[in-house]
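Good morning, and thank you for the time. I should like to take the group through one structure, element by element.

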Amino acid sequence: AAIGVASVLLKRDGVVGRAMLLEEMKKCPNPKVAEASPEVIISSIQGAVVQVQGAFVLRRLQGATQLQEATRNCIMDMFKQKSVLKRADIVAAVKEKVGEDVGGTAFVKMLKEFSVAKGNQWAFKGAAT
């Protein structure tokens, strides 16, 4: 049940901080989830999420292609290192690691899942959570 609550939040917001996740879990109608300790909740969702700078992001998106997942994973790995990335650096890293040129609306949509545009840079949404 905790995975379901986390999935709904992450599909809606892209990135969820620990405090917000735990607050939402307390609202769950399932008493096993609502009354669980933070440690139990976090350990129960570990298989479905990735921690990036202390916030949570879905490990995989339902219906994503292998290329989309590889691109997404590359970007998440970059955000694990830095909270603000230049678009050119992201494109270059994806091309190097995934072997594909990226760009266009699908790429921007992917970036917007867990970052916000600031000029030619993208800032991780969870950096302030």
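I shall begin with the conventions and then treat the first helix, the cores and the strands.

This is a predicted model, in which local features need pLDDT of at least 70 and side-chain atom pairs count only at pLDDT 80 or more, while totals for chains, interfaces and linings use all residues. Residues are numbered from 1 along each chain as its sequence is written, and side-chain values use heavy atoms, with hydrogens and water left out.

Helices (H or I, at least four residues) and strands (E, at least two) are DSSP runs, numbered from the N terminus. Helix H1 covers residues 2–13. Its twelve residues, at 1.5 Å a residue, should span 16 Å, and the end C-alpha atoms are 16 Å apart, which agrees; the expected span is 1.5 Å times one less than the number of residues. Just after H1, Gly-14 has a positive phi of about 85°.

Which residues of H1 are buried? They are Ala-2, Val-5, Ala-6, Ser-7, Leu-9 and Leu-10, where buried means under 20% relative accessible area with a 1.4 Å probe, protein chains only. Among the elements covering them are strand S1 (16–17), helix H2 (18–26) and helix H4 (38–45).

I turn to the cores. A nonpolar core is a set of buried Ala, Val, Leu, Ile, Met, Phe, Trp, Tyr and Cys residues joined through side-chain atoms within 4.5 Å. The largest has 21 residues, and those with the most contacts inside it are Val-57, Ile-75, Phe-79, Ile-90, Phe-114 and Phe-124. Helix H5 (66–81), helix H6 (87–98) and strand S6 (121–124) are among the elements giving two or more residues to this core. The largest share, five residues, comes from H5. A second, separate core of 17 residues includes Ala-2, Leu-9, Cys-28 and Ile-42.

Next, the strands; two strands pair if DSSP finds at least two bridges between them. In their hairpin, which has two residues between the strands, Gln-53 takes a positive phi near 50°.

A separate topic is the open sheet, where three strands pair antiparallel in the order S4-S6-S5. Strand S4 (84–86) and strand S5 (115–118) stand at the edges, each with a single partner strand, so one side of each has no neighbour in the sheet. Four bridges join S5 to S6, and Ser-115 has Phe-124 as its bridge partner in S6.

Conventions: Buried < 20%, exposed > 50% of the residue type's maximum accessible area, 1.4 Å probe, protein only. Contact = heavy atoms within 4.5 Å.
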